[in-house]
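I opened my notebook to get to know a new structure.

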Amino acid sequence: MAESVDRNANRALRARFDEVYGQYQRLRSGLDELQVKLAELRVTERSDDGQVTATVGARGEVIRVEVDPSVFHDRDARALGRKITTTVHRASAAAVAATQELVAGYLPAGSPSLEVLRTKNFDALLGRADAVLQRGE
């Protein structure tokens with residue numbers, strides 16, 4: 001009877017190992033694709049009045065800010081500054097959400113790696129994306 005229990009335990013362990021190894025293989029094979037997608041991720045937001053447009057990358061870094069010429073009719077530099085800041089913050093928040101969603105799609109459910117999403121520390125994942133951007137690939 002003990003031998004039967006051992007065999008059943010071994011089968012269960014082997015099945016669990018196969019499952020975890022399969023998850024690892026899927027994660028590993030998708031990592032290059034994920035890194036490219038993160039390097040290419042751009043999020044654009046417009047101010048409520050449409051006068052300011054901000055585009056940011058996966059980390060929320062500012063890629064481009066565009067200001068409609070009509071904004072200069074008011075000549076209110078402080079209001080323009082607030083409008084730009086608000087628009088960039090919205091774009092950055094949307095980029096974080098898009099990055100979290102993208103990364104979550106590559107992680108196994110219940111993975112401790114999901115902690116990356118909760119802490120919002122993407123440095124390890126985005127290291128290669130930064131290198132790709134710097135090389136201009």
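Here are my entries, from the whole chain down to a single residue.

**Entry: the chain as a whole.** I am looking at a predicted model. I looked up the make-up of the protein chain and found 4 helices and 3 strands. Reading along the sequence, I noted the pattern α-β-β-β-α-α-α. Of the 137 residues in the protein chain, 28% count as buried.

Entry: In what order do the 3 strands of the open sheet lie? I wrote down β1-β2-β3, with antiparallel pairing. The edge strands are β1 (43–46) and β3, each of which pairs on one side only. From one strand to the next, the twist averages 15 degrees. I then looked up the pairing of β1 with β2 (residues 52–56), which is antiparallel over 4 bridges. Across from Ala54 in β2 I found Glu45.

**Entry: a helix on the sheet.** Which helix lies across β1, β2 and β3? My note says α2, running at about 35 degrees to β2.

**Entry: a nonpolar patch.** On the surface I found a nonpolar patch formed by Val62, Val65, Val67 and Phe72. Together they have about 310 Å² of accessible area. Phe72 sits in the loop between β3 (62–67) and α2 (77–104). Why do I call Phe72 partly exposed? Its relative accessible area is 49%, and partly exposed covers the range between under 20% for buried and over 50% for exposed.

Terms used
Residues numbered from 1 in each chain as written. Predicted model: local features only at pLDDT ≥ 70, side-chain atom pairs only at ≥ 80, totals over all residues. Heavy atoms only, no water. Patch = residues over 30% accessible without salt bridge, like charges linked within 9 Å, V, L, I, M, F, W, Y side chains within 5 Å. Areas by Shrake-Rupley, 256 points an atom, 1.4 Å probe, with all protein chains shown as cover. Salt bridge = Lys/Arg side-chain N within 4 Å of Asp/Glu carboxyl O. Helix = DSSP H or I, 4+ residues; strand = E, 2+ residues; numbered from the N terminus. Buried < 20%, exposed > 50% of the residue type's maximum accessible area, 1.4 Å probe, protein only. Pairing = 2+ DSSP bridges. Axes fitted to C-alpha atoms, helices over the stretch in contact; angles between N-to-C directions. Contact = heavy atoms within 4.5 Å.
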